[in-house]
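Hi,

Here's the structure I said I'd pass on.

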Amino acid sequence: MDCGFVPGLKDAVGKARGRPGTCKRGRVPRPVIVRRAGEDLDDGGWKYIDLMERQKDDKPGSALWLGGRYFQRELGGILSQVFDTSRAIFGLEKRPVLENQLGLKLDNDLVRERERLREEEEPLYSISPLPSRIVYSAVCWLLDVAYDERPIARFWFLETVARMPYFAYLSVLHLYETFGWWHVSELRKIHFAEDWNELHHLLIMESLGGDSVWSDRFLASHAALVYYWVLVLTYFLSPSMSYNFSELLENHAVDTYGQFIDENKEVLKTLPAPDVAKQYYENGDLYLFDTFQTAVPLASRRPKCDDLYDVFCNIFRDEQEHVKTMEACSDYTKLGVFIQSPHQRFFQGLKQQKEKKGDTETQPPVLKKDERQQVDTETQPPVLKKDKRQQVDTETQPPVLK
């Protein structure tokens, strides 16, 4: 499989492929999270991070083994970041990072302006519960401060956190089903499809080097863990409030991606799409891709994925669909309007059409009086005269043998 995009000599790709990872019991794979594209390439080129290559040789193991492997890998990340910080203090050049080499930008002030204009047209923040507004404002402030002028790392953090609501909803709904309190599998299927979509957003950001820095990984993982348990508790107490906060966060993602696309349109069109994006949008599980989009007809979205501009436009549109789905979930909890995936709506419509057609075919035709008399006459057996009946009896009797 193609390792990704490398502007420069093909030898660099060959050297990168020449370091296969291993995952045998007792051995630690090559620290792919620490070594990022462009760090050990002789010609100074860079490439997208090949997540497919990184995962194909890996396998599950015990918690002790996985935890030890993770600790060793992250320890290398800590030392790497300390080394980079020391080089910056002494005025030395840092090691190249893929995010910096892409040359992408994002203006936080323009993102906030987009949010203000959207709020004026469709108020959501102002009518949200106070706890949701407090947490939402804190998350936005953290993103602006910690990821200023680092859009890919910001997106990676945002997608890591954005997955947690659907994981939390699935956990609570599965618990309700186990206890026998409530059982609607359609809602759980939609949330799983949403989580699957956010996962691939996260993988795309990883392929662009969004998790290159150890402090970003540390902050995102711990924030996601806290966020998960807060959402579980909130969903226990008020599902509508939980959906409202998810809608706020998804709206922020729409504004952020929209501003990012506007600022980097020309640059993005010159960069190819990562393999993981092509795999998801063109060759992936399109059933799950359709499932989370509850506001559009079945199979109405088949986006292209020719370059990085297409990739971010697809993500932008995905986030818009997440907002609509959260609105539908909120209406479900408040008004009882049943939420359906596009597949459910499609097959429900086919069933209704079949029932209507079946009722028309099975009903007997309504005949007029003259037609009924004619049908009765045609269906009655012929009346034979006495001589003819005797002749028929004679013909049907067996011959008498002498």
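Before anything else, a word on exposure: I call a residue buried under 20% relative accessible area, exposed over 50% and partly exposed in between, using a 1.4 Å probe and protein chains only. Also, this is a predicted model, so to speak of a local feature I need pLDDT of at least 70, and side-chain atom pairs count only at pLDDT 80 or more, while totals for chains, interfaces and linings use all residues. Numbering starts from 1 along each chain as its sequence is written, and side-chain values use heavy atoms, with hydrogens and water left out.

Two loop residues first. Ala299 sits in the loop between H13 and helix H14 (308–335), and it is partly exposed, with a relative accessible area of 39%. Its phi is positive, about 60°, although Ala299 is not a glycine. Glu149 is also not a glycine and has a positive phi of about 60°. You'll find Glu149 in the loop between H6 and helix H7 (151–162), and at 64% relative accessible area it is exposed.

Now the overall picture. The protein has 17 helices and zero strands; these are DSSP runs numbered from the N terminus, with helices being H or I of at least four residues and strands E of at least two. Of the 402 residues, 41% are buried. Taking contact to mean heavy atoms within 4.5 Å, 79% of the contacts between residues at least 6 apart in sequence join residues at least 24 apart.

On to helix packing. Axes here are lines fitted to C-alpha atoms, for helices over the stretch in contact, and angles run from 0 to 180 degrees between N-to-C directions. Under 35 degrees counts as roughly parallel, over 145 as roughly antiparallel, 65 to 115 as roughly perpendicular, and the rest as oblique.

H6 (residues 130–146) and H11 (residues 239–269) have axes that come within 10 Å and cross at roughly 30°, so the two are roughly parallel to each other. From H6, the contact uses Ser132, Val135, Tyr136, Val139, Cys140 and Leu143, and from H11 it uses Met241, Asn244, Phe245, Leu248, Leu249 and His252. That set splits into nine nonpolar, three polar and no charged residues (nonpolar is Ala, Val, Leu, Ile, Met, Phe, Trp, Tyr, Cys and Pro; charged is Asp, Glu, Lys and Arg; polar is the others, Gly among them).

H10 (residues 214–237) packs against H11 at an angle of about 135°, with the axes 6 Å apart, which makes H10 oblique to H11. Tyr227, Leu231, Thr234, Tyr235 and Leu237 of H10 meet Pro239, Met241, Ser242, Tyr243, Phe245 and Leu249 of H11. By class, that's nine nonpolar, two polar and no charged residues.

Which residues touch the most other members of the largest nonpolar core? Leu208 and Phe312 do, out of 72 residues. A nonpolar core is a set of buried Ala, Val, Leu, Ile, Met, Phe, Trp, Tyr and Cys residues joined through side-chain atoms within 4.5 Å. H11 supplies the largest share of this core, nine residues. Not counting residues up to four places away in sequence, Phe312 touches Ile152, Phe155, Met205, Leu208, Tyr257, Phe260, Ile261 and Leu268.

Last one: Leu288, in helix H13 (residues 286–291). Leu288 is buried, with a relative accessible area of 12%. Leaving aside neighbours within four places in sequence, Leu288 is in contact with Phe192, Ala193 and Trp196.

Cheers
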